[in-house]
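Subject: Structure handover

Hello,

Please open it first, then read the notes below.

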Amino acid sequence: MRGDISINAERLLGEIEHISQFSDVPAPAVTRILYTPADMAARHYLKQLADAAGLPWREDALGNWFVRLQGTEPDLPAVATGSHIDAIPYAGKYDGVVGVLGGLEALRAIREAGVTPRRSLELIMFTAEEPTRFGVGCLGSRGMAGLMPWDAMRALQDANGVSLEQARADAGYTGELESVELSRDAYAYFVELHIEQGPFLEAADREIGIVTDIVASTTVRVTLTGEGGHAGTVPMPERNDALAAAAELVLLAEKAAGFRSRGLAVATVGMLDVHPGASNSIPSRVELTLDVRAREMRVRDAMLEEVHTGLKALARSRRIRHEWQVLNHDPACRSDPRILTAIARSAEALGHAHLSLVSRAYHDTVFMARHFPAAMIFIPCHEGYSHRPEEFAAPEHIVAGTETLTSTLVELAAL
Ligand code: GLV
Ligand code: MN
Ligand code: MN
């Protein structure tokens with residue numbers, strides 16, 4: 001690699017294995033939810049690694065974690081990389097983790113080679129990329145970019161009624177929430193390394209994905225309220241069953257996405273809570289989440305409109321009350337061409353075959369890209385499995401991705 005920089009593959013792969021033990025479920029599955037003991041233990045492990053490498057770090061009021069390798073011109077905006085370590089229930093070992101530990105390895109490798117970049121380099125571990133605990137994904141990067149009203153963030157509660165304010169205080173993060181927002185000149189570039197979470201790189205036999213766009217994504221919480229009653233005694237024509245209405249809504253969403261598949265449109269109802277939840281009781285209330293994504297914002301918006309209109313009609317005909325609460329409605333992201341060029345040049349110099357592709361998952365990069373030139377590097381993952389225990393990224397691909405990231409950071413830090 002450039003200037004005799006070489007990454008320590010054994011160290012990196014060992015750390016990816018090691019951090020997977022900080023989990024609420026047995027291996028190979030990983031569950032690591034914001035501010036739980038597993039999350040805090042994994043954070044502690046990262047701090048130990050940075051300390052051992054002699055790299056200084058700081059944390060903000062949400063627990064976003066920043067590790068710095070000082071450049072020769074430390075007053076210039078830095079070049080940042082990073083990802084997340086939280087994991088949804090029964091996830092795998094690689095989602096997010098590869099970008100955090102790969103980024104740390106990049107900083108260590110550059111330093112160990114005795115190279116001091118012109119711009120400082122910064123690794124970021126973003127708090128709560130996953131929406132598991134508070135219903136909104138990318139909490140840390142949203143805050144850093146100032147893209148969520150602070151009062152809305154303060155009002156967030158988890159399923160047990162614990163507020164984000166309380167949860168972060170319990171985890172030791174007590175500063176003002178507003179202090180999380182970054183200055184607009186904090187970074188010159190941001191680049192995130194991540195597993196693809198889809199099948200295309202593996203199918204095309206390429207080691208590196210160069211991410212040109214990230215899809216636009218929205219999450220809506222829908223509450224449907226009908227009337228409960230005895231499952232044996234209430235005649236069918238007299239029912240307003242909230243779950244039957246929800247079933248129609250699920251199929252409506254599937255249809256709305258189905259015929260827009262060329263626009264990479266997808267719609268998912270991934271959570272459905274039925275009240276009162278007894279086999280012999282008519283469901284009186286259902287709460288569900290609707291996750292809608294597409295490459296173009298207008299396609300995503302048209303799909304949402306179609307589902308919302310359909311919901312109003314079915315609620316009327318079924319005599320069901322409904323609420324439609326948008327939890328997040330995020331823009332699509334276009335990568336910065338200078339970073340794409342640096343990634344391609346790095347991959348080629350290292351002999352790693354590459355392919356340009358769209359990210360169908362969202363990432364912290366979406367929010368960093370609102371203020372800083374940004375892009376992503378993908379590596380293949382087996383069969384595209386992700387958000388499940390079978391998620392697997394081959395060691396040689398993790399190494400290829402980390403080498404490409406390292407070289408890209410060096411190039412960007414010299415600009
Ligand atoms: C991120 O994890 C996503 O849901 O795309
Ligand atoms: Mn994920
Ligand atoms: Mn991720």
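**Ligand 1 and its shell**

The shell around ligand 1 holds 2 nonpolar, 1 polar and 3 charged residues. Here Ala, Val, Leu, Ile, Met, Phe, Trp, Tyr, Cys and Pro count as nonpolar, Asp, Glu, Lys and Arg as charged, and the others, Gly among them, as polar.

First, the ground rules. This is a predicted model: local features need pLDDT of at least 70, side-chain atom pairs count only at pLDDT 80 or more, and totals for chains, interfaces and linings use all residues. Residues are numbered from 1 along each chain as its sequence is written, chains are lettered from A and ligands numbered from 1 in the order in which they are written, and side-chain values use heavy atoms, with hydrogens and water left out.

The residues surrounding ligand 1 are Glu-129, Glu-130, Arg-293, Ala-361, Tyr-362 and His-387 (a heavy atom within 4 Å). Polar contacts are pairs of N or O atoms within 3.5 Å; within protein, one must be able to donate a hydrogen and the other to accept it, and residues adjacent in sequence count only if both atoms are side-chain atoms. An oxygen atom of ligand 1 is 2.8 Å from a polar backbone atom of Tyr-362. For the side chain of Glu-130, an N or O atom is 3.0 Å from a ligand 1 oxygen. For a polar side-chain atom of His-387, the distance to an oxygen atom of ligand 1 is 3.3 Å. The protein covers 91% of the 200 Å² of accessible area that ligand 1 has on its own (Shrake-Rupley method, 1.4 Å probe).

**The manganese ions**

Donors are N, O and S atoms within 2.8 Å of the metal (3.2 Å for Na, K and Ca); water is not among the atoms, so sites may look incomplete. Ligand 2, a manganese ion, is coordinated by Asp-95 (OD), Glu-130 (OE) and His-387 (NE2), at 2.0 to 2.2 Å. The manganese ion that is ligand 3 has His-84 (NE2), Asp-95 (OD) and His-194 (NE2) as protein donors, 2.0 to 2.2 Å away. Asp-95 bridges the two manganese ions, which lie 3.6 Å apart.

**Backbone points**

His-275 to Pro-276 is another, with omega about 5°. Asp-205 has a positive phi, near 55°, and is not a glycine.

Best regards
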